[in-house]
Amino acid sequence: MVHQHASVRPSIPSAHNSVLTLVLLALATQPTAAFIAPTPLCTPSSARIATSSARIIAGRHVSIHAAASAARGVARLRVATSMSASSVKDGEKNKGGKVEQMMQEVDEDDKKIPLPSPIKINGATPPKDWLDPKAAKELLDSRGTLPVQFQDISKAAFYIRGSVRKTACEPSPGLSELTGATIFVKEEYKQFTGSFKERGARNALMQLEEAQKSKGVIAASAGNHALALSYHGGLLNISVTVVMPTNAPLVKVNKCRKLGANVVLHGAHIGEAKDHALSSEQYEGLQYINGYDDPAIIAGAGTCGLEIVEQVPDLDVVVIPVGGAGLIAGMALAIKTLRPNCMIIGVEPEYCASYTRALAAGKPVAVTVMPTLGDGLAVPCVGPHSFEVARKYVDKVVTVSEKYLALAVLRCLEHEKAVVEGGGAAGLAALLPGGPLDIPELKGKRIAIPLCGGNIDITMLGRVIERGLAADRRLIRFAATVTDRPGGLAALVTIISK
């Protein structure tokens with residue numbers, strides 16, 4: 001069924017216009033341009049990031065020379081992202097679009113970044129290995145070459161057993177027919193708080209020392225991580241403070257408060273919220289838990305991979321959304337350990353290709369973030385721990401356009417009767433006809449896709465469905481100039497009917 005929305009405007013009577021002028025604005029031809037006018041997010045400058053990093057390092061009694069080195073290292077980096085608007089034109093084979101990242105050397109003398117004095121920071125306590133080089137070396141020596149090992153995932157599976165749902169991973173006939181592969185859907189959106197984040201949150205809270213449990217924890221998050229910590233903190237009687245950006249969805253803010261968390265609204269984005277948590281005196285003594293880079297978080301996410309290996313015999317490929325890279329790092333480690341021949345493919349929005357950029361640079365670097373339907377994946381810089389694990393085990397990473405993210409949400413509704421957020425459906429988006437993974441090598445393969453989040457705002461869901469219908473050429477808007485003489489509207493309807 002084709003839905004038609006017409007805007008009918010009568011002509012001026014004196015003009016006696018007898019000719020129907022029909023202007024078709026087929027939004028399906030350029031869904032992204034029609035629905036989104038992207039503007040860069042307000043992200044901190046490289047100078048600000050460097051100063052903040054140097055202040056934290058200096059504040060924890062590390063040599064000021066190390067702080068200076070950190071500041072200079074970040075000052076050298078300026079990242080600009082250019083997006084090709086033509087990559088989402090209808091009919092074009094979108095292989096993830098083209099995301100061009102440019103690196104430019106910046107003379108630190110020109111930037112003149114002021115180094116902070118080595119005063120103590122009285123905010124939340126970051127993980128010890130973030131601050132102390134000796135502790136970081138001891139951690140690597142004890143675990144091997146990576147910050148997370150398979151035994152950490154096994155331990156996490158024990159810690160979360162009975163408290164986090166073991167979600168189903170069932171074959172989807174509809175999606176299999178659509179993609180030309182045998183698709184298995186991992187239903188992580190059915191967790192109590194609506195996402196896979198519960199796995200890492202529960203694991204991290206369970207591993208706290210008793211003294212720290214009595215003090216509490218803190219995290220910066222705009223959604224799923226905050227909800228997961230709030231819920232499991234309440235179950236374990238651990239005080240949880242979440243610092244959320246001022247633009248965080250109101251429904252998620254209210255839900256965190258309902259779950260018993262102390263919610264603090266601060267900053268325009270996650271970076272500012274995190275800085276506030278780590279620098280404000282009122283949070284001294286609280287343990288900061290990074291939602292995508294804490295080793296316990298990565299290990300918890302890996303339990304999803306353990307379940308998929310158990311639930312899907314003869315697995316060929318797993319396609320995983322990528323944001324801060326915590327999920328793909330944990331799942332790739334678990335799956336590759338048990339099924340070395342299984343291919344792991346990451347998918348991230350082309351409007352925030354931070355993992356792709358990190359691979360090109362050989363280390364995590366910041367990218368410019370544009371508004372995207374996959375807002376849960378919009379992390380401007382992947383976590384260093386997550387990156388080290390992921391780049392060893394992930395075989396390939398692709399980017400998807402907004403068009404395919406919208407279509408993926410629509411296909412989940414139609415074929416799975418599931419409400420999934422844009423970021424959670426990124427894996428499916430890449431496999432859809434015309435997507436970057438619509439390739440002969442994957443046809444007929446047994447492919448698992450974690451639908452990893454379902455916390456989408458209702459008003460946003462309506463807009464996403466419209467975008468999907470437009471991209472699917474099932475929703476077309478047009479404007480028409482119709483004569484005011486009798487029969488004008490009938491003539492318009494006749495033209496449409498043909």
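Asn224 comes out as buried, with a relative accessibility of 13% (buried means under 20% relative accessible area, exposed over 50% and partly exposed in between, with a 1.4 Å probe and protein chains only). The residue sits in helix H11; helices (H or I, at least four residues) and strands (E, at least two) are DSSP runs, numbered from the N terminus. Setting aside neighbours within four places in sequence, Asn224 is in contact with Ser195, Lys197, Lys252, Glu421 and Asn455, where contact means heavy atoms within 4.5 Å.

A word on the model itself. It is predicted, so local features need pLDDT of at least 70 and side-chain atom pairs count only at pLDDT 80 or more, while totals for chains, interfaces and linings use all residues. Residues are numbered from 1 along each chain as its sequence is written, and side-chain values use heavy atoms, with hydrogens and water left out.

Phe158 counts as exposed at 53% relative accessibility, whereas Tyr159, at 25%, is partly exposed. Phe192 and Tyr231 make a stacked pair, because their ring centres are 4.3 Å apart and their planes are at 20°. Phe192 lies in the loop between strand E6 (182-186) and helix H9 (197-206) and Tyr231 in H11, so this pair ties together parts that are 39 residues apart in sequence. Tyr231 is itself buried, with a relative accessible area of 19%.

Cys452 is found in another loop, the one between strand E14 (446-450) and helix H20 (458-471). At 7% relative accessibility, Cys452 is buried. Beyond its neighbours within four places in sequence, Cys452 is in contact with several residues, among them Glu188, Tyr189, Ser195, Phe196, Pro321 and Leu327. Ala426 is 26 residues from Cys452 in sequence, with 9.3 Å between their C-alpha atoms.

Then there is the nonpolar packing. A nonpolar core is a set of buried Ala, Val, Leu, Ile, Met, Phe, Trp, Tyr and Cys residues joined through side-chain atoms within 4.5 Å. The largest one has 41 residues, of which Ile308, Val318, Ile328, Met331, Ile344 and Tyr355 touch the most other members. Elements giving two or more residues to this core include helix H14 (295-311), strand E11 (317-321) and helix H15 (326-338). H15 supplies the largest share, eight residues. A second, separate core of 39 residues includes Val420, Ala426, Leu432 and Ile447.

Finally, an open sheet of four strands runs in the order E9-E8-E7-E10, with parallel pairing; two strands pair if DSSP finds at least two bridges between them. Strand E9 (262-265) and strand E10 (287-288) are the edge strands, each pairing on one side only. Four bridges join E9 to strand E8 (residues 240-244), and Thr241 stands opposite Asn262 in E9. Helix H13 (residues 270-279) lies across strand E7 (217-220), E8, E9 and E10, at about 155° to E7 (axes are lines fitted to C-alpha atoms, for helices over the stretch in contact, and angles run from 0 to 180 degrees between N-to-C directions).

Terms used. Phe/Tyr/Trp six-rings, centres within 6.5 Å; stacked < 30°, edge-to-face > 60°.
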